[in-house]
Amino acid sequence: MPSLEKNPNFFRLLITSIATYLIILSSMSFIRSVTSTTDENQWITLPSKMYISKEFSGILSKTNAKDGETNSSFTVKLGSLLRDINGTVIKDTLHLAKILKSYNDSSRINLGILNNSLPIKYDKIKVRNADLPVDFIKEMPSCVLIVSVFKGGGSERAGLKAGDYIISINGRTFIDGYDADRYLRVNNSEDVLHYKVLRNNQILEYDVELAKIGVTFSYLFIFFVSFVFYGFGLFIGVKRPGIQAARLISLTFILSGFLIYSGIEHRYFLDYDLLTILQFLTLSACSAIGIPLIIKHLLYFPKEHTELIRKQWIWIVPFILGGIYFISSNVFYIFFLNMNNTTNYSQFFFFFALSNILIGFVVSIIYRKHTTEEHKKTSRLIRFTFYFMLLCFLYSALFERIYYLIFETQLLRMAPFPEILPISLLLLPIAYIYTIGKYSLLDLTIKVPKNIQYILLSALWKITFIGIILLGIWFLSNWRFNFPNIKLSGTSITVLNSPLSTELQEVYTKMLIIFLSLFGVFVFWLLNKGIKNVLDKKFYQVRFDYRRAATEFSDIIKKGTISELSASIAKELIELFHLKRIGVILFKNEERVIAQDYIGFDYKSFGELCLQSGRKLSEAIREFHGEFRIEYLYEPIKTIFHDYKFSYIVPIRSKDIVVGAVLLGEKRSEKSFTREDFNFLSAILTQASIAIENTFLVEECTIQERLKHELEIARRIQIASLPQRVPEVEGLDISGISMPALEVGGDFFDYLNGTMNEITVIVGDVSGKGTSAALYMSKIQGILRTLNEFMLTPRELFVRANQLLYKYLEKGAFVTVIAAKFDSSLRKVNIARAGHLPIYYYKSLDNSVTKILPKGILLGKSRKEVFDGNIEEINMDYSPGDVFLFISDGVIEARNSKSDDFDETRLMETFKNNVSLSSENIMDNIVKTVSDFSDEVEPYDDLTIVVVKAELTIN
């Protein structure tokens with residue numbers, strides 16, 4: 001239907017018009033039915049006119065005898081009907097007389113006898129021809145047989161009984177039961193009709209007051225089912241008119257709705273008024289189109305059968321049969337339908353429906369290999385519902401025939417529990433709704449909230465519970481108890497020979513009813529409690545113990561890291577509040593997300609988003625002191641949180657600082673959050689905030705301990721990287737020490753290529769303090785040691801080192817270094833400086849301290865040509881007793897409690913006062929002097945000292 005796909009509104013208009021017409025027609029028919037007058041009994045057309053007017057006995061045929069009885073005596077009651085003799089159906093009394101004359105008196109003949117109450121039982125009786133009473137058969141006029149009388153109704157009040165034959169009403173006779181029913185409906189409910197009946201071969205007369213029937217429960221239920229079909233078909237058609245499967249489903253259900261109702265409303269077809277003519281024509285059209293549509297729509301739903309759709313005969317043949325049925329049924333209605341063959345029309349419809357069922361069954365068998373596993377899975381519930389509905393249809397349609405073929409004893413027997421067919425029909429739209437909702441078919445999301453499901457099921461159970469109680473009360477009130485002949489007294493139990501008196505029977509009956517009532521109340525109380533518990537657990541309606549829950553929550557959050565804590569909070573809250581999903585986000589200093597945990601969805605991308613939005617998200621949450629809806633967040637976070645189906649955010653605070661937040665999804669029961677829920681959540685999150693704060697502190701202490709331990713290791717490594725022994729160089733006394741201000745530092749000193757007569761002393765300082773400076777120090781120390789292998793002078797060493805460091809040193813970092821290469825055999829020294837402090841030189845010949853300060857700039861901060869042009873190397877001689885002092889700025893910049901610097905003056909004075917001592921003592925005294933000056937103030941910078949003293953003699 002391409003045109004309908006392009007014009008969905010046209011299909012909406014079409015389907016709405018069809019549904020409206022069918023609903024109006026059904027409603028008018030329903031109103032006519034429920035407002036029709038009735039005498040409150042049930043009658044049928046006579047299955048035979050041969051009325052037995054005299055009782056006689058015979059032998060029940062073997063096929064009808066009870067088990068083990070082959071010659072059971074049977075009395076034919078007055079008022080029964082004779083159907084046949086030796087299988088020949090009796091037409092009238094002349095026919096009967098003719099048949100009886102054909103047998104002699106001693107002949108045994110088989111009589112087919114029908115009783116005159118439901119169920120109409122058919123018995124075969126053997127009797128000698130001579131034993132039949134004279135004139136035992138009376139030919140009945142046209143009348144109807146009452147098979148049941150409604151208790152307390154107008155017929156019972158007038159005195160009519162089941163088994164009575166109604167000969168006339170108000171003097172009017174009728175052809176059959178339909179004719180009598182039609183006459184009855186033309187009277188008003190206020191009328192009193194005069195009935196002439198035959199009972200026990202006597203003519204009796206009664207006045208029956210008519211009643212206006214409301215509606216029977218079974219009739220009302222079928223009417224309700226038809227409207228469920230109308231509603232579901234309209235819903236699908238209006239919602240998804242652009243999908244072919246939806247259009248086919250919509251038409252199928254709307255037309256089937258009319259078929260369901262009209263299947264029980266066929267007794268007016270012979271009225272031939274406008275309403276019945278419209279109803280019949282509409283019924284035949286709905287049958288001709290609706291039943292084949294069932295086959296066609298299954299080719300498109302729940303999944304398209306591409307291979308089967310190409311084989312057009314599968315759906316064309318049912319529509320051809322439908323066309324034949326439509327034409328022939330209307331011809332039959334116009335020309336042949338009358339009171340005698342209404343059953344033939346019902347059979348005609350039955351065979352048309354059965355032929356379509358067989359076509360569908362054959363197709364499913366032949367082409368079962370084209371059915372995929374996915375299709376089997378999605379259509380499983382619908383298939384089972386169709387199978388069950390088919391069995392119920394065959395059960396209702398064929399029960400009477402099958403029962404008669406098996407037992408041959410009952411001519412008319414209705415199927416027990418006839419309501420099973422409309423119940424099976426009601427299951428079909430439910431199966432469709434469930435399948436569409438579960439697998440999101442037809443681009444529809446059909447979902448009944450769990451709280452509504454809980455309310456509906458609870459209400460259904462309560463109605464059922466009340467119904468069971470009322471049924472039990474009715475059963476007990478109508479039960480006739482037969483007590484044994486036992487008399488109870490206060491002192492004895494007596495067994496009587498005679499039956500109990502009426503008074504004693506009543507006492508025992510009351511006692512038993514009281515006992516059974518109490519027992520029943522107890523049993524039903526247990527049953528009600530059990531079912532309510534099952535429903536509460538199924539739909540998560542269980543109320544929890546707040547005190548116990550708070551205690552459990554407190555125990556859970558006591559242990560673990562911050563990540564384990566967030567996971568524990570999420571896990572416990574989702575179980576406490578029975579949530580579909582939850583999120584827990586923990587912040588550090590309200591700036592960044594330090595931990596997060598989610599349950600109920602794939603949170604990879606969502607977690608990354610929260611990490612990126614940590615500070616902004618915490619600022620937004622900080623504005624609220626209690627729970628708030630997602631709608632109050634900023635965009636695009638608000639939309640994203642909505643997409644992930646979160647509804648509320650509850651801040652976690654510690655001392656007015658936001659340390660976290662709980663994201664709440666929907667409850668599994670799909671009920672709204674209550675103030676009680678939020679109050680309890682706030683209470684337990686207060687506990688959580690304390691645990692979070694403690695965990696932060698513990699983790700910080702742990703980190704500090706770990707860092708302290710790691711720095712201690714780094715300190716040992718750094719100390720190990722410094723010279724652990726002084727090389728033995730003839731004529732030189734060398735000592736050195738480096739003391740970092742923190743665990744590790746950026747100062748270093750080194751002795752390179754220490755030989756018998758030569759050694760290069762290096763002292764350097766990397767900008768900054770601590771770990772970063774120490775790492776650079778190790779790197780620079782390694783570079784200098786490597787380059788020194790090329791036997792370079794101090795200036796050449798710095799030039800090459802600058803080329804390497806200029807490429808890799810960070811912009812904010814810099815290095816100062818000074819180097820002196822001593823040749824003790826010649827008493828010469830070469831000195832180069834790259835931005836470092838000078839060497840303090842004590843000259844023994846004139847007892848003076850001077851500074852050696854070659855030109856040089858920072859290492860690693862300038863290009864090669866700039867650095868090379870700004871560095872010089874000084875070559876000088878030294879004498880025995882001369883002393884060279886190398887320091888870092890941590891010596892002269894050491895401060896005391898008054899913020900005074902140690903400065904060069906104090907250094908040079910201390911140095912000069914100790915030059916007579918060994919290099920180690922000089923170094924120790926300088927360190928001690930600086931320490932005494934600082935007065936236990938924490939050192940501001942790393943401190944490094946190297947002392948080189950020329951000995952007076954060379955061994």
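This section describes the predicted model of a protein chain, from overall confidence and fold content to selected residues and side-chain pairs.

The model is predicted, so that local features are reported at a pLDDT of at least 70 and side-chain atom pairs at pLDDT 80 or more, whereas totals for chains, interfaces and linings use all residues. Residues are numbered from 1 along each chain as its sequence is written, and side-chain values use heavy atoms, with hydrogens and water left out.

The protein chain has a mean pLDDT (the predictor's confidence in each residue, from 0 to 100) of 82, and 84% of its residues reach 70 or more. The pLDDT is below 50 over residues 64-69, a stretch with 7 contacts (heavy atoms within 4.5 Å) beyond near neighbours in sequence. Over residues 408-413 the pLDDT is also below 50, and this stretch has 29 contacts in the model beyond near neighbours in sequence. Where pLDDT is low, the predicted coordinates should not be read in detail.

The secondary structure of the protein chain consists of 27 helices and 33 strands; helices (H or I, at least four residues) and strands (E, at least two) are DSSP runs, numbered from the N terminus. Of the 955 residues, 44% count as buried, where buried means under 20% relative accessible area, exposed over 50%, and partly exposed in between (1.4 Å probe, protein chains only). Among contacts with a separation of 6 or more, 70% are accounted for by residues 24 or more positions apart. The accessible surface of the chain comes to about 50,000 Å², and 58% of this surface belongs to carbon and sulfur atoms. Accessible areas come from the Shrake-Rupley method with a 1.4 Å probe; for residues, only the protein chains shown count as cover.

Glycine 58 is placed in strand E4 (residues 56-60) and is buried, with a relative accessible area of 8%. Not counting residues up to four places away in sequence, glycine 58 touches Ser72, Ser73, Phe74, Ile125 and Lys126. Aspartate 765 lies in strand E26 (residues 758-766) and counts as buried because its relative accessibility is 7%. Leaving aside neighbours within four places in sequence, the contacts of aspartate 765 include the acidic residues Asp747, Asp889 and Asp941.

A nonpolar surface patch of about 630 Å² is made by Phe515, Phe519, Phe522, Val523, Trp525 and Leu526. Patches are made of residues with over 30% relative accessible area and no salt bridge; like charges are joined within 9 Å and nonpolar side chains (Val, Leu, Ile, Met, Phe, Trp, Tyr) within 5 Å. Within this patch, phenylalanine 522 belongs to helix H15 (residues 502-538) and counts as partly exposed because its relative accessibility is 47%.

Side chains of opposite charge can pair when their charged atoms come close. A search of the whole structure finds 21 salt bridges, each being a side-chain nitrogen of Lys or Arg within 4 Å of a carboxyl oxygen of Asp or Glu. One of them joins glutamate 373 to lysine 376, with the closest N and O atoms 3.8 Å apart. Both residues lie in helix H12 (residues 373-407), 3 residues apart, about one turn of the helix. Glutamate 373 is exposed, with a relative accessible area of 60%, while lysine 376 is partly exposed at 32%.

A salt bridge between lysine 580 and glutamate 666 has an N to O distance of 3.1 Å. Lysine 580 lies in the loop between helix H17 (562-576) and strand E19 (582-588), and glutamate 666 in the loop between strand E23 (657-665) and helix H21 (675-721), so the pair ties together parts 86 residues apart in sequence. Lysine 580 is partly exposed at 28% relative accessibility, as is glutamate 666 at 36%. Arginine 895 also forms a salt bridge, with aspartate 901, the closest N and O atoms being 3.2 Å apart. Arginine 895 is partly exposed at 41% relative accessibility, and aspartate 901 is partly exposed at 33%.

With a disulfide taken as a pair of cysteine sulfur atoms within 2.5 Å, the count comes to 0 disulfides. Cysteine 143 is buried, with a relative accessible area of 2%, and cysteine 392 is buried at 3%.
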